[in-house]
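This report describes the fold of one chain and then turns to a few of its contacts. Please look at the sequence and the structure before reading on.

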Amino acid sequence: SHPTSVPTSVNLLIEEGLSVPMNAGPQLNGAMQTLAKACLLRFAAQSAENTEPNKPRHQAVQGAVEAVSMNPARFRTAEELARHCGISYSRLRKLFQDDQGESPTAMIWRLKTDQAVQLIRATGLTLAEVADQCGFSNAFHLSRCVKERTGLSPRELRKIEQATGQ
């Protein structure tokens, strides 16, 4: 893998952080933590955009990835996805492991969570509304998956998004 260049938006956030005097006091601690998280989130987003995902080689895997990408909420289980693709679950699981290096279940939840993160960052929808649109059982489940995937709570994602003006 090639090194990723630091995006301009991250450089601006770093410069802003470096401009704060070292003896500014403890009141800036929370602001500096938010700024640091914003830098990391921006850099991670830029890195993800520059990384080409594994393009499926097998037609059934490609169909499964496309189906879930188009409507993540539709599929609650990998068994449902296998039926949609017209193959057995065990065959789909084997194809996914060989082709993508992850299980179909992991792919479903990764895509659901990625869609939820986008909605959290870009809309004012409540967590319950995002959970419903993305196929999570409830807002708590959504929050847990977002935190696991990004390292940040949905509230922190929104706060960073508002702070960086994106």
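In what order do the elements of the chain run from the N terminus on? They run α-α-α-α-α-α-α-α-α. The chain holds nine helices and zero strands; helices (H or I, at least four residues) and strands (E, at least two) are DSSP runs, numbered from the N terminus. The model is predicted: local features need pLDDT of at least 70, side-chain atom pairs count only at pLDDT 80 or more, and totals for chains, interfaces and linings use all residues. Residues are numbered from 1 along each chain as its sequence is written, and side-chain values use heavy atoms, with hydrogens and water left out.

Of the 166 residues of the chain, 33% count as buried. Buried means under 20% relative accessible area, exposed over 50%, and partly exposed in between (1.4 Å probe, protein chains only). Among contacts (heavy atoms within 4.5 Å) with a separation of 6 or more, 59% join residues 24 or more positions apart.

**Helices α6 and α8**

The axes of α6 (residues 104–122) and α8 (residues 139–150) come within 10 Å and cross at roughly 95°. Axes are lines fitted to C-alpha atoms, for helices over the stretch in contact, and angles run from 0 to 180 degrees between N-to-C directions. The two helices α6 and α8 are therefore roughly perpendicular to each other (65 to 115 degrees). On the α6 side, the residues that meet α8 are W109, R110, T113, D114, A116, V117 and I120; their partners in α8 are H141, L142, C145, V146, R149 and T150.

**Around W109**

The structure holds one aromatic pair, where ring centres of Phe, Tyr or Trp (its six-membered ring) lie within 6.5 Å. W109 and F136 form this pair, which is tilted; planes under 30 degrees apart count as stacked, over 60 as edge-to-face and the rest as tilted. The pair links distant parts of the chain, with W109 in helix α6 and F136 in the loop between α7 (127–134) and α8, 27 residues apart. The charged end of K112 also sits over the ring of W109, a term that requires NZ of Lys or CZ of Arg within 6 Å of the ring centre and within 35 degrees of the ring normal.

| Partner of W109 | Distance |
|---|---|
| F136, aromatic pair | 5.4 Å centre to centre |

W109 is partly exposed at 22% relative accessibility, whereas F136 is buried at 5%.

Key. Parallel < 35°, antiparallel > 145°, perpendicular 65-115°, else oblique.
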